[in-house]
Amino acid sequence: MCVKLPILYLTACFGTFCPGDHMENICGYLMKYTNLVTGWQYRYFVLNNDAGLLEYFVNEQSRHLKPRGTLQLAGAVISPSDEDSHTFTVNAASGEQYKLRATDAKERQHWVSRLQICTQHHTEAIGKNNPPLKSRSFSLASQGSTNSPGVQRRPSQNAVSFFNVGHHRLPTGKRVPIMQPDHLVDVREMMSQAEGQQRDLIRSIECLPASGHLTSLDQDLLMLKATSMATMNCLNDCFHILQLQHASQQKGSLPAGTTISWLEPKISLANHFKNGAAQNFPAEINKPASVREEQSIAEPCQLTREPEEINPDEELEDICDDKEDDLGAVEEQRSVILHLLSQLKLGMDLTRVVLPTFILEKRSLLEMYADFMSHPDLFIGITNGSSPEERMIRFVEYYLTSFHEGRKGAIAKKPYNPIIGETFHCSWRMPKSNVATDAGTNSSAHTPSEQVTLPKELEGQAEPDYYTVKFVAEQVSHHPPVSGFYAECVERNMCVNAHVWTKSKFLGMSIGVTMVGEGVLHLLEHGEEYTFSLPCAYARSILTVPWVELGGKVNINCAKTGYSASINFHTKPFYGGKLHRVTGEVKQNMTNTVVCRVQGEWNSVLEFTYNNGETKYVDLTKLSVTRKRVRPLEKQGPFESRRLWQHVTESLRDGDIDKATEHKRALEERQRNEERLRAETETPWCTKYFLKDGDGWVYHKPLWKTVCAAQTQQTDSN
């Protein structure tokens with residue numbers, strides 16, 4: 001008997017299954033991920049409960065033929081994916097994996113439930129038919145120097161015997177007692193001990209020499225590392241289920257949207273991810289104080305997701321200057337890089353790959369976006385252009401000069417991956433006399449057509465002799481990783497709003513990062529909007545001295561004026577060619593006339609050639625950099641970037657990679673666990689500063705809304 005599952009809808013049975021359900025076969029279409037070239041394909045799957053097999057065919061009509069693929073479910077692990085609500089994986093004991101995608105969440109749940117039941121049934125059957133092995137242990141010392149045939153193995157086989165492996169049988173005739181809720185604390189302690197032993201195992205493997213009879217890159221040892229990590233992840237998932245069951249027993253049935261708290265602070269910053277008020281949890285005495293702080297931050301105030309107005313007067317000029325020119329760590333950690341490369345495949349998505357800590361910059365990705373604004377004089381000067389043509393050219397000049405300061409040094413290092421809900425605030429103060437203006441005009445003067453309508457809160461205040469550019473960024477999504485950032489200069493009626501989704505891939509001896517998203521610059525004085533995209537970034541020569549280059553074509557468009565710009569970031573060819581080369585042109589679309597051409601290097605000298613024959617050179621190495629202004633750590637919120645990552649940053653500055661890794665792991669672990677909790681309890685994530693708008697994200701209180709409201713109020717009063 002086979003229950004056929006339609007593609008668009010399934011009648012799924014949730015909760016407790018009756019014994020008859022165990023033997024009910026199901027079949028239907030699922031999407032199966034094949035490879036990077038082919039991608040996802042529809043295949044017809046059949047779950048054979050009697051045989052414990054998952055089979056698939058090209059289509060339903062070919063099911064009488066030999067299956068295209070078969071997985072033994074005994075000992076398999078069925079895992080719903082956290083990348084979306086439709087995908088799940090079937091990991092067979094043989095190491096083979098099917099990555100599958102259902103039509104919707106209900107269909108996925110039905111398949112996952114039935115697969116797990118079948119897997120459990122056949123796994124238990126194997127356990128009954130095959131008694132456990134007798135206790136045994138291996139060690140290199142026990143091998144001795146004997147020449148018996150049983151000891152003569154290929155070198156990689158000795159890798160297994162490097163560690164003690166024990167199998168223990170439970171006393172016969174004794175029934176395993178049912179786990180009581182108050183035993184969960186003991187289980188947690190045992191789990192912590194197992195995690196410590198697993199870390200010691202990994203450390204022992206990584207301390208082996210990179211060459212010789214037994215190396216850290218031995219295939220069996222790499223498999224042992226992967227297996228031990230997968231085992232601990234599986235145990236953590238099982239423990240998580242026990243905690244949920246205990247919580248449900250205490251609270252009764254769980255209504256939709258309920259957030260379940262852990263029995264002890266396994267997941268830190270729970271309050272932040274629940275978008276609720278602060279709660280106090282007992283600290284874990286076995287962890288360092290700073291790690292306990294990261295896992296359970298006790299704040300005197302309530303932690304909310306309400307937008308916070310940052311007072312620029314509280315911000316101080318940034319004195320932090322973390323240049324990333326240290327090659328020592330990269331040289332010392334060469335074996336770690338080799339080990340990481342041995343586990344990557346060409347084209348693999350690195351979004352979920354945990355990279356070693358020593359390659360990190362001492363700043364968050366959100367702060368890196370802020371550093372693109374390090375030339376606020378050029379940014380503010382855009383709106384001072386006397387014509388649409390000049391404003392477009394000024395925007396191209398600002399755009400091309402922003403990437404140089406966004407990089408901290410010549411070494412390609414990776415900024416911290418922001419956790420969901422992380423924010424970064426800063427501002428810049430730029431003397432009005434330093435902002436480029438048109439010939440014969442003053443920086444603080446405006447033509448009649450460019451009168452500035454100030455928001456109500458700024459009216460009546462004495463006009464300062466400087467412009468203020470305010471910046472805010474927020475990590476609005478974790479999977480996919482999307483950041484939103486917004487900057488505004490109220491005095492000049494201009495703002496920019498952007499969202500970026502970073503997609504990184506392994507390309508062999510380099511790593512490529514695609515910046516998916518769009519930005520819009522609003523010049524409200526002129527009623528103009530400039531849409532733009534960002535180039536791809538590449539970390540080259542990752543085994544020697546890694547360096548960064550940009551590549552790809554980006555476009556800048558202004559629909560109102562009809563001006564556009566096309567910019568090409570050229571990657572270095574294999575033979576010859578210059579590094580960091582960029583070319584571009586600005587044209588009037590109506591007449592298809594090129595009004596300006598640009599060429600040069602985005603981190604060195606740029607040459608602008610105008611259609612009247614004039615030429616302008618911009619030396620980026622001599623451009624003045626305006627330091628951003630940031631609130632001191634003690635005034636920052638617990639989820640602002642610098643305060644959130646302060647222990648990681650301090651450890652990196654001290655050169656303590658192990659300690660930095662520990663702090664980083666604590667932050668990442670709580671994010672994964674809280675995301676799983678939100679998915680299980682169907683609790684949506686609420687952003688703080690940005691709102692979803694179609695496929696993008698928009699700042700909750702953009703300047704164009706504020707100015708529009710002020711103009712409307714002024715009109716009504718007149």
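I began with helix α14, residues 646-653, and found it mostly covered, with six of its eight residues buried (under 20% relative accessible area, with exposed over 50% and partly exposed in between, for a 1.4 Å probe and protein chains only). The model is a predicted one, in which local features need pLDDT of at least 70, side-chain atom pairs count only at pLDDT 80 or more, and totals for chains, interfaces and linings use all residues. Residues are numbered from 1 along each chain as its sequence is written, and side-chain values use heavy atoms, without hydrogens and water.

I listed the buried residues of α14 as Gln646, His647, Val648, Thr649, Ser651 and Leu652. Helices are DSSP runs of H or I with at least four residues, and strands are runs of E with at least two, numbered from the N terminus. After α14 I noted Gly655, whose phi is positive, near 75 degrees.

I then looked up Asp656, which lies in the loop between α14 and α15 (657-680). Asp656 is partly exposed, with a relative accessible area of 34%. I also found Asp656 in a surface patch of negative charge with Glu650, Asp654, Asp658 and Glu662. Such a patch joins like charges within 9 Å, from residues with over 30% relative accessible area and no salt bridge (a side-chain nitrogen of Lys or Arg within 4 Å of a carboxyl oxygen of Asp or Glu).

Next I turned to strand β13, residues 466-477, where ten of the twelve residues are buried. Strand β12 (residues 423-431) runs antiparallel to β13, joined by nine bridges; pairing requires at least two bridges found by DSSP.

Methods
Patches are made of residues with over 30% relative accessible area and no salt bridge: like charges are joined within 9 Å, nonpolar side chains (Val, Leu, Ile, Met, Phe, Trp, Tyr) within 5 Å. Accessible areas come from the Shrake-Rupley method with a 1.4 Å probe; for residues, only the protein chains shown count as cover. Lys and Arg count as positive and Asp and Glu as negative; His and the chain ends are not counted. The place of a charge is taken as NZ of Lys, CZ of Arg, CG of Asp or CD of Glu.
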